[in-house]
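Please examine the sequence and the structure shown below. This report concerns the packing of helices and strands.

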Amino acid sequence: MTLLATRPTFKARGLIERWRSRLPVSADTPVISLGEGDTPLVELRGPLEARERGIRVFAKFDGANPTGSFKDRGMTMAVSKALEDGAKAIACASTGNTSAAAAAYASRAGVDCVIVLPAGYVAAGKIAQTILMGAKIVQIEGNFDDALRLVRELCDVTPIALVNSVNPYRIEGQKSIAFEVAESFDWDAPEYHAMPVGNAGNITAHWKGYTELFEDKTISRKPIMLGFQAAGAAPIVLGHTIEKPETIATAIRIGNPASWCYALGARDESGGVIEAVTDDEILTAYQFLAKEGMFCEPASAASFSGAWRMIREGRIPDGSRIVCTLTGHGLKDPTTASKLASLETPVPATLEALQRAIGV
Ligand code: F0G
């Protein structure tokens, strides 16, 4: 017996309803939504180097999506379309966020969910949420690239639907971020849009969204795309696959991105760059963003980290606007956060002790 026998009649207004005319859905598509999208676009106060030159930096906080990452944008589409096609189960490989989103949308849809993870390299919050949302997790002795290869093989020989970003509906959903940003700027594009690059689906999706708006004349220009990989996992920057990628930003610990060629397309067509940022640079940016009230996970800080370096190096013209996609929530990775934050010992419960502790 199942406790979840029926679909709810109240519908969260997620991004499929919001952008229906721009998405490959029909009246027959069963929309599976958790109310994703419409995430905050917040102008940062700093960094100083930007402010001094009239450069405005914005964070698009996609960690505010229902499962805490941008993956929900793609998963609402992928799972809705899988259901329309009659799928009874979905599967994905993941560094953690895709798995959480897949588990959530599969639960809502009432289909089974199989997750393949690289053992030992997925942040604690992502594993916990994926388990609790009811997915079957298999950890492998291998990295994300091995997991993706395996899950592709699995979906080739079974009727299970693959919901990694090689599934084109994922890209369709994720392109909605460009629509939201352009709408926030009154149907204009920022001069630059920066994002982390792992498997390279998201840079592909950002570019597709802006390109579609440009082609139907909704916006009159497209942004320059700035993609950032972690230095220890930067195959696109180096021009070859990496067998043993390593970075503290486990979400983008990927050595052979599936959407490699689309990422190059986005970079080259926009006149942009894909560069590497070190783990130290990522953690500095991560802490800077936290002090701006933007608590994202380390991989997400790669976008701002790279943009900030380009500003310092004088590579961003005065007066430009840069949007940095912050792809995932800081609470996803409590371990990294805790290493940088420690509590002082408790004090007695008296006003005197409290005042002494805060120095007033
Ligand atoms: N930021 C975060 C927080 C991510 O989880 C990912 C990818 C990326 C950036 C990179 O996006 O792969 O489209 O270039 N996470 C995938 C996952 C690989 O399994 O959750 P991408």
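The model is predicted. It contains an open sheet of four strands in the order 5-4-3-6, with parallel pairing. At the edges lie strand 5 (136–140) and strand 6 (161–162), each of which pairs on one side only. Strand 3 and strand 4 run parallel and are joined by five bridges. Alanine 89 has aspartate 112 of strand 4 as its bridge partner. Helix 6 (residues 144–157) packs on this sheet and touches strand 3, strand 4, strand 5 and strand 6. The direction of helix 6 makes about 155 degrees with that of strand 3.

The elements discussed here, with their residue ranges, are as follows.

| Element | Residues |
|---|---|
| Strand 3 | residues 89–93 |
| Strand 4 | residues 112–118 |
| Strand 5 | residues 136–140 |
| Strand 6 | residues 161–162 |
| Helix 4 | residues 97–109 |
| Helix 5 | residues 124–132 |
| Helix 6 | residues 144–157 |

Helix 4 and helix 5 pack with their axes 8 Å apart, at an angle of about 20 degrees. Because angles under 35 degrees count as roughly parallel, helix 4 is roughly parallel to helix 5. Their crossing is left-handed. Helix 4 contributes Asn97, Ser99, Ala100 and Ala103 to the contact, while helix 5 contributes Lys126, Gln129 and Thr130. By class, the residues of this contact comprise two nonpolar, four polar and one charged.

Technical notes: Residues are numbered from 1 along each chain as its sequence is written. This is a predicted model: local features need pLDDT of at least 70, side-chain atom pairs count only at pLDDT 80 or more; totals for chains, interfaces and linings use all residues. Side-chain values use heavy atoms; hydrogens and water are left out. Axes are lines fitted to C-alpha atoms, for helices over the stretch in contact, and angles run from 0 to 180 degrees between N-to-C directions. Helices (H or I, at least four residues) and strands (E, at least two) are DSSP runs, numbered from the N terminus. Angles under 35 degrees count as roughly parallel, over 145 as roughly antiparallel, 65 to 115 as roughly perpendicular and the rest as oblique. A crossing is left-handed if the near helix is turned anticlockwise from the far one by less than a right angle, and right-handed if clockwise. Contact means heavy atoms within 4.5 Å. Ala, Val, Leu, Ile, Met, Phe, Trp, Tyr, Cys and Pro count as nonpolar, Asp, Glu, Lys and Arg as charged, and the others, Gly among them, as polar. Two strands pair if DSSP finds at least two bridges between them.
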